[in-house]
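I opened my notebook to look up contacts, salt bridges and a helix crossing. My notes follow the order in which I looked.

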Amino acid sequence: MSLTKALQTVVDLFHQYSIRQGEIDLLNMSDFTTLLKEQAPSFLQTCDRNRAGYLEKLFQETDLNKDKELSFEEFTIVLSKLADDAHRISHGSERCGPDKD
């Protein structure tokens, strides 16, 4: 798969979840939670990320303009965490290092 196709897949997934509720092309907390639970369960099941309040904290930290919705640009912050986790998995590395969140 080319990088172009991989990025298009990410954009398509974002759009799939961002049109469920609220403004088109923005993720609210419900959309965000559903996207991660359905598309990144492995990420959420490690490093104590399934603890109460983790998703809310991640959402709030990622919502840079504090409008209670995530633009695609804001979502890329979470995407970088998912990519880092996938990279650690590919090397068989410890997934819960100093930057585990």
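Entry 1: I started with threonine 62. Leaving out residues up to four places away in sequence, I found threonine 62 touching Leu70, Glu74, Phe75, Ile77 and Val78. Contact here means heavy atoms within 4.5 Å. Threonine 62 is found in helix 4. Helices are DSSP runs (H or I, at least four residues), numbered from the N terminus. I looked up its accessibility too: threonine 62 has a relative accessible area of 1%, so it is buried. My cut-offs are under 20% relative accessible area for buried, over 50% for exposed, and partly exposed in between (1.4 Å probe, protein chains only).

**Entry 2: what I am looking at.** This is a predicted model, in which local features need pLDDT of at least 70 and side-chain atom pairs count only at pLDDT 80 or more, while totals for chains, interfaces and linings use all residues. Residues are numbered from 1 along each chain as its sequence is written, and side-chain values use heavy atoms, with hydrogens and water left out.

**Entry 3: two helices crossing.** How do the axes of helix 1 and helix 5 cross? I noted an angle of roughly 115° for helix 1 (residues 3-18) and helix 5 (residues 72-90), with the axes coming within 12 Å. The axes are lines fitted to C-alpha atoms, for helices over the stretch in contact, and angles run from 0 to 180 degrees between N-to-C directions. The two helices are therefore roughly perpendicular to each other. That term covers 65 to 115 degrees; under 35 counts as roughly parallel, over 145 as roughly antiparallel, and the rest as oblique.

Next I checked which residues meet. Helix 1 brings Val10, Val11 and Phe14, and helix 5 brings Phe72, Phe75 and Leu79. By class, this contact has 6 nonpolar, no polar and no charged residues. Ala, Val, Leu, Ile, Met, Phe, Trp, Tyr, Cys and Pro count as nonpolar, Asp, Glu, Lys and Arg as charged, and the others, Gly among them, as polar. I see Phe75 again here; it was also on the list for threonine 62.

**Entry 4: salt bridges.** How many salt bridges does the structure hold? I counted 5. Each is a side-chain nitrogen of Lys or Arg within 4 Å of a carboxyl oxygen of Asp or Glu.

I took arginine 49 and aspartate 85 to begin with. Their side chains meet in a salt bridge at 3.7 Å, N to O. Arginine 49 sits in the loop between helix 3 (41-44) and helix 4 (54-62), and aspartate 85 in helix 5, so the pair links distant parts of the chain, 36 residues apart. Are the two buried or exposed? Both are buried.

Then I looked up aspartate 84 and arginine 88, whose closest N and O atoms are 2.9 Å apart. They are 4 residues apart in helix 5, so about one helical turn separates them. Aspartate 84 is partly exposed at 30% relative accessibility, whereas arginine 88 is buried at 16%. Salt bridges that share partners join Arg49, Asp85 and Arg95 into one network.

**Entry 5: positive phi.** Last, I looked at two backbone angles. Cysteine 47, not a glycine, has a positive phi near 60°. Cysteine 47 lies in the loop between helix 3 and helix 4 and is buried at 10%. Lysine 66 has a positive phi of about 55°. Lysine 66 lies in the loop between helix 4 and helix 5 and is exposed at 55%.
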